[in-house]
Amino acid sequence: GAVFSFLENGVLPYFQAYVKVSGERYHDYLTIATLPWSMKAIFATISDVIPIAGYHKSYYIAAAGAVSALALSIIATFSFTETTADAAAMLFFLSHMGVVVVDLLCEGQYASRMRENPTSGSDMVTWVWASYMSGQLVAAFTVGFMADAGYIRQIFWVGVPLAAQIVMPVMRGYLREDPIEPRKTQILWEKLKWHKRIFTLAACMAIMAIGLVFISLYGNGTVKLVYALFAAGLLCSLSLKLMPRTLALANMYMFLVEVLYIQFSGVGQFFMTAGPECIPGGPNFSYVFFQTTCSIVEALFGALGVVIFQTVFSGWRFQSIFWVTTSIRVIASVFDIIIIQRWNKAIGISDEVMFLIGDRSLYKIAYMLDFMPMVLLTSKLCPRGMESTIYALLAGFQNFGQSIAKTLGAFMIQAAGIRAEVPCDFSNFGIILTVGHMILPLLAMPLTFIMIPNAKLTDDLTKDMTDSDTHDSFNMDTQEEQEEDPLIENDQIVQNRDL
């Protein structure tokens with residue numbers, strides 16, 4: 001949790017105040033840095049079919065921690081400039097990759113422990129999330145104050161031991177992972193054959209993600225647009241072809257919801273934190289406010305979103321919930337547009353108050369209300385015996401949807417002539433924000449009639465599923481052969497790590 005928060009909150013002051021890249025280029029670097037979250041499925045598949053010395057998780061976790069620590073130490077040690085900033089972006093990519101692998105494989109291990117001890121209830125998940133969120137809050141506090149004090153590179157030195165510390169307990173066997181026999185590094189071809197459709201989807205998504213790295217670094221706006229549309233179309237087609245139809249349609253909806261909410265995060269963060277030399281009379285937020293105060297408010301309203309979901313929407317239908325959450329996300333975007341157009345100043349409301357009301361409270365509530373039914377819908381549609389793998393796959397789809405949205409945002413930023421470095425020009429920012437945050441997201445609402453079951457959250461969706469919606473459509477062999485596979489894990493996971 002702490003390492004992720006250092007990366008998430010430290011990347012803005014690093015590229016803005018230290019490396020001093022433009023807002024447009026920073027937007028591309030944000031896309032690159034978070035792409036490993038789109039590759040969760042391929043990481044899960046590789047660890048599942050290529051055990052190292054008989055272990056599916058331990059060596060991968062240790063290697064991931066070491067890679068993340070090494071990348072963070074290079075970021076903290078070397079003085080990158082605007083001309084070498086591409087290399088720094090790739091180091092952030094490697095740092096995130098380490099966090100993703102540790103997150104994913106530890107999740108699988110504690111899920112299997114919960115299955116072995118069903119009376120444990122939610123104790124383990126509560127402990128995991130309490131630790132995770134505590135680390136996030138500590139890092140958020142640290143980043144804001146260190147950045148404003150000018151200790152930007154030193155932020156990542158703090159993250160180095162936090163990333164490396166996982167190597168020792170894992171190599172000493174504290175993970176309590178049971179090895180398979182024989183204890184050697186090998187490729188489990190039979191398991192790969194049983195899960196070949198999932199592997200195909202995971203591999204294609206990973207290839208698209210790697211391609212997006214190069215497109216973000218070297219492509220112009222038109223190339224980014226074409227690649228984003230091609231990747232979205234290809235993954236939607238493969239989803240329909242290789243996944244159970246009901247699950248594929250729901251997955252496409254969740255993917256397209258992310259794609260249609262165009263992200264301008266790089267330029268948006270620059271607008272909020274740029275100095276008066278760029279935006280005279282602008283928000284000019286400090287890093288303490290933007291990274292620390294806002295993180296605390298966001299966490300509180302995220303928790304409120306969970307409470308609202310449980311108390312208000314638990315008896316609703318999936319389609320109705322998605323209509324409401326989409327509407328709230330659109331309404332929350334109005335507050336950002338008001339700040340950008342400076343209308344709040346005309347009515348005497350400060351930028352800080354307006355930003356906290358919209359982007360850090362209403363939007364966060366809407367995000368949680370949107371996220372939780374997505375997880376619940378996925379859990380109800382997952383073929384039995386494949387929950388963990390399918391969660392990784394669908395989470396990768398949704399994360400890649402966000403990456404596509406960033407790429408489309410890069411095209412719109414260039415097309416609108418926005419300039420986020422002195423002399424700055426944000427004159428058309430309100431227009432593209434209106435299109436990307438208010439108009440395009442509404443296109444997802446009619447898709448619910450086609451892609452989302454018109455069922456209540458409490459309904460059993462599996463009873464109406466046909467044979468084409470079972471595990472057989474993933475090209476699994478017979479149920480008898482599936483049960484003979486000693487490596488299939490997470491038989492009936494009811495607690496998703498993200499939820």
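I take buried to mean under 20% relative accessible area, exposed over 50%, and partly exposed in between (1.4 Å probe, protein chains only).

The model is predicted: local features need pLDDT of at least 70, side-chain atom pairs count only at pLDDT 80 or more, and totals for chains, interfaces and linings use all residues. I number residues from 1 along each chain as its sequence is written, and side-chain values use heavy atoms, with hydrogens and water left out.

Cysteines. I looked up Cys236 and found it buried at 10% relative accessibility. Cys278 is buried too, with a relative accessible area of 11%. Cys106, at 23%, counts as partly exposed.

Disulfide. I searched for pairs of cysteine sulfur atoms within 2.5 Å and got one disulfide. The bond joins Cys278 to Cys424, with an S to S distance of 1.8 Å. I read -120 degrees about the S-S bond, which makes the link of Cys278 and Cys424 left-handed. Cys278 sits in the loop between helix H13 (265-273) and helix H14 (287-313), and Cys424 in the loop between helix H18 (387-415) and helix H19 (429-439), so the pair ties together parts 146 residues apart in sequence.

Whole chain. I assigned helices (H or I, at least four residues) and strands (E, at least two) as DSSP runs, numbered from the N terminus. The protein chain has 21 helices and zero strands. Of its 499 residues, 57% are buried. I counted contacts as heavy atoms within 4.5 Å. Among contacts in the protein chain with a separation of 6 or more, 84% are between residues 24 or more positions apart.
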